[in-house]
Amino acid sequence: MSSQKIYILAIESSCDDTAAAVMCNGKILSNIVANQKIHEAYGGVVPELASRAHQQNIVPVVDQALKKANIEKSQLSAIAFTRGPGLMGSLLVGTSFAKSLAYGLNIPLIDVNHMQAHILAHFIEEEEFEKPIFPFLAMTISGGHTQIVNVSSHFGMEVIGETIDDAVGEAFDKSGKILGLGYPAGPEIDRRAKLGNPKAFQFTKPKVDGLNFSFSGLKTAILYFVQKEVKKNPSFIEEHLNDICASIQYTIIGILMDKLKLATKQTGIKHIAIGGGVSANSGIRKALKDGEQKFGWTTYIPKFEYTTDNAAMIAIVGHLKFLEGDYAEQSVMASSRLKI
């Protein structure tokens, strides 16, 4: 098997980005993403518009991925696609395309769990990036998900903590909306946080038992705080925006790190990997690295382009499943609430 070239075409369409990648034996040859800017005007993803855009983008994105990888469709070993979780309309576009292409080429079809893919993105062959050692804890943080997963093998995963309401990405976006920032707000809050005082304003951390998370209460606390201050000083947001952003980010990072510390204490595992779009946040990355010195952690942070929704992470899961002969039937259906 080692001398055989395994080419995987991967398709990701779980939310608002249409992505395709080609992988050969664990190495990425191309990783193409078509972003949908239309949602910015609405302050969030509009499912119907997302699925329409996927229909428009999927053929040119796949075509570009194949061309950049410099291979023909006839060389493909298998087609991998995101089965879920995600927006149902968006998932259906990718699922239908992948099923049709695999059927037409008479090659294996491989379904991929989007959340597993965020974790297994760490196993893409990349220079200067170490792969996590089993067992490790994976913290997946994105616009729609916040989870801590105990990972014992490539497909041995147990969710030991997750959000009971908003995901961490939603906490950033909803806070940004309160402050009048655009969508998505996370990158802008991160940028401004570097210029502000993280301890300028104090926000109470939600009290949630065990390893689960809650962010809806924080959003409400920020809303009431801003309303109260603006009533006293109409220019409050404008005059203190960097400090507010820094304080919000500091609180969110504190919530995440508190749960990680508890998870390492409960499991005894000190190898920690992060993934998902919010793992691109510079403050979270720094806090994780600081944990190496403070708590003796060994941390793994993925390449930036593998943090947000992308097809490269779908490809590595497809590659690992191909090696095990774990293929999907043509009857496979998309699942918006697919669990690890």
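Guide: Helix α7 supplies nine residues to the lining of the second largest pocket, the most of any element. Helices here are DSSP runs of H or I with at least four residues, strands are runs of E with at least two, and both are numbered from the N terminus. The model is predicted, so local features need pLDDT of at least 70 and side-chain atom pairs pLDDT 80 or more, while totals for chains, interfaces and linings use all residues. Residues are numbered from 1 along each chain as its sequence is written, and side-chain values use heavy atoms, without hydrogens or water.

The pocket has a volume of about 720 Å³. A pocket is an open set of points on a 1 Å grid over the protein atoms alone, where a 1.4 Å probe fits, with protein on both sides within 12 Å along at least five of seven lines. Its volume is the space filled by probe spheres set on those points, which are joined across faces, edges and corners. Lining residues, those with an atom within 4 Å of a point, number 27, and P198, Y250, I253, G254 and A287 lie nearest the centre. Two or more lining residues come from each of α5 (186–193), α7 (236–267) and α8 (282–295). The lining divides into 11 nonpolar, seven polar and nine charged residues. Nonpolar means Ala, Val, Leu, Ile, Met, Phe, Trp, Tyr, Cys and Pro; charged means Asp, Glu, Lys and Arg; the others, including Gly, are polar.

Helix α7 also packs against another helix. The axes of α6 (residues 216–232) and α7 come within 12 Å and cross at roughly 160 degrees. Axes are lines fitted to C-alpha atoms over the stretch in contact, with angles from 0 to 180 degrees between N-to-C directions. At that angle α6 is therefore roughly antiparallel to α7, a label for angles over 145 degrees. The crossing of α6 and α7 is right-handed: the near helix is turned clockwise from the far one by less than a right angle.

On the α6 side of this contact are L218, I222, F225, V226, E229 and V230, and on the α7 side F236, I237, I248, T251, I252 and I255. Contact means heavy atoms within 4.5 Å. The residues of this contact comprise 10 nonpolar, one polar and one charged.

Helix α7, then, takes part both in the lining of the second largest pocket and in the contact with α6.

Methods. Angles under 35 degrees count as roughly parallel, over 145 as roughly antiparallel, 65 to 115 as roughly perpendicular and the rest as oblique.
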